[in-house]
Amino acid sequence: MPTQMEKVICVTCPKGCTLEVTREAETILKVEKAGCNRGTRYAQQELTDPRRMVATSVRIRGGLHPLLPVHTSAPFPKPRIRELLEALRRVEVQAPVELNQVILPDALGTGIDIRASRSMAPVHSAD
Amino acid sequence: MSDAKQYDVVVIGSGPGGLAAAISAKKTGADRVLIIERDVEPGGILLQCIHNGFGVEVFKQDLPGPAYAQRFIDEAFQVGVEFMLDTMVLEITRERRITAVSRKHGFVELQARAVVLAMGCRERTRAQIRLPGHRPAGVYTAGTAQRWVNVEGYMPGKRFVILGSGDIGMIMARRLTYEGAKVERVLEVMPYLSGLTRNYVQCLLDNDIELQLRHTVRRILGKNRVEAVEAVAVDEQMNYIPGTEEIIPCDTLLLSVGLIPENELSRQAGVAIDPITGGPFVDDSFQTSVPGIFSAGNVVHVYDLVDWVTEAGLTAGKSAARLVRSGLAAGDGPALPLKAGENVRYVVPHTLRPDHLADGDIRVQLRVRQPLERPVWVELRSGDKLLHRKGEPYARPGEMITLPVRPNLMDELKAAGELTVAVVAR
């Protein structure tokens, strides 16, 4: 089986290194041009089980704004992001909410939690 | 004069630059530190940047924008920074007298011993890129759309074209796709991406959104609402190439065509503005041309990472507090001019005091004119003499380069004249 080289752009940090990955079928033989170890790990992950941090919003009642920003507690499996977004469209929370509060635990059974990206205090009706 | 409220340091704006400046002024020993913010809550534009990726470079943490802001908001309250929210500053004088208005406080006059300008930047609009056609609904800046979608809960359209490959544009392309819209195309007039490569990957490639370089919008079609845009390829001189026109049906056009430091207040105060950055001329303590008036963050020059904005704010706030405490503008020794040399569009700070190296590194930041997709040297020179250099794997106009100047260079710098920074192929 011939080895093949492909380029993967690392998205771990803003540097965005273009990694050169040599692999034989599913086996990664080497990762070159990575600026740090995180790049090597990223290439392995990306070619076997690509994941992304997902940030979106859910409805909130009684807060300063109608939306609460939320994010995944860890990178989330890329093929299931659409499904996750669908699930979050049905979520509504009530203010107050604290930063990092779990909004949806164990999303889609992945073990990854959806957490609040900010605190939002309750807003009392205008006096 | 005597009726005005007195403060040691007044910071204008509570984005990352302003928050960092206020915190560090307080920690450096300034007594009364006040932030004036026009929004109803502190945090600035970070509050609408709900995506991840903040804090990776400097703080080694990957946070969403609001979480990054909250870390500093909480700290500001803890250290005793005062806030005046929902308040618009109308004027700042050279003598650091500030007038502002708000529903809660009415018309207020304040006197500050030092001011830190941290108003951030604004987006370039349709008028600034001279986009012809009718003025239908459906043409917005990417940041306005970001505020609606992420904070206020409105979708500005269903089918989008985005002009400009800046980070906000690419991030909005992903965000709109997440919210069920179709992004037909991202057009970039330059032959290269203007935002970060990782945003091209995780925002555009991941979501099958097409990017066309060397393309722009020639006109907008539709009278009451956008119905389509006419895209066209451009040549090296930015002229339209006949025969390449394409009608792209859409209901919304987002503009991500650059940011401009917001310096109306700075100009009123007599602060000298660099025509290239659009922000104040600053020394390495971020003091402007007006003694006692400092500035930090995107109001000085547009950064691509918030981490550096925070760092700049910390420096400006510390300098402002030192001025208040000691009466010395953080610097006393002579200042050397720092100029943009070969393939450098601009460099900040504009002057550098070698004496300040006694406090640690001075961070010189710059942008290149032309991309160099091969290893480069970033060089600090005095005349023909090379004082210091740093290697980078490549140089791109969209990615700011940082050159730390180390304390061990102090003696050499003291003997130097005008300094230049150049970026050359290795």
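A salt bridge is a side-chain nitrogen of Lys or Arg within 4 Å of a carboxyl oxygen of Asp or Glu. Keep that handy for this predicted model.

Q: What makes B:E41 and A:R118 a salt bridge?
A: The closest N and O atoms of B:E41 and A:R118 sit 2.6 Å apart. The cut-off is 4 Å, for a Lys or Arg nitrogen and an Asp or Glu oxygen, so the pair qualifies.

Q: How many salt bridges are there between chain A and chain B?
A: The count is 4. Polar contacts between the chains come to 12 residue pairs, both partners at pLDDT 80 or more.

Q: Which elements of chain A supply at least two residues each of the side that touches chain B?
A: β5 (55-61), β6 (67-72) and α2 (81-89) of chain A do. The largest share comes from α2(A), with 4 residues. By type, that side of chain A divides into 15 nonpolar, 7 polar and 7 charged residues.

Q: How many residues are in contact across the two chains?
A: 29 residues of chain A are in contact with 33 of chain B. Contact here means heavy atoms within 4.5 Å.

Q: What area do chain A and chain B bury between them?
A: About 2,700 Å², with 54% of it on carbon and sulfur atoms. Within chain A, the residues that lose the most area to chain B are A:V11, A:P14 and A:A55, together 20% of what that side buries. Why quote an area at all? Because the size of an interface is often given as the accessible area lost when the parts come together.

Q: What makes β18 (residues 336-340) and β25 (residues 419-425) of chain B a pair?
A: They share 3 bridges in the parallel sense. Pairing takes at least two bridges, so they pass. B:A340 stands opposite B:V421 in β25(B).

Q: Which way does β22 (residues 376-382) of chain B run against β25(B)?
A: Antiparallel, joined by 7 bridges. Here B:L380 stands opposite B:V421. As for β25(B) itself, the strand is mostly covered, with 5 of its 7 residues buried.

Conventions:
Residues numbered from 1 in each chain as written. Chains lettered and ligands numbered in written order. Predicted model: local features only at pLDDT ≥ 70, side-chain atom pairs only at ≥ 80, totals over all residues. Heavy atoms only, no water. Buried area = accessible area lost by both parts, 1.4 Å probe. Polar contact = N/O pair within 3.5 Å; in protein donor to acceptor, adjacent residues only side chain to side chain. Nonpolar A, V, L, I, M, F, W, Y, C, P; charged D, E, K, R; others polar. Buried < 20%, exposed > 50% of the residue type's maximum accessible area, 1.4 Å probe, protein only.
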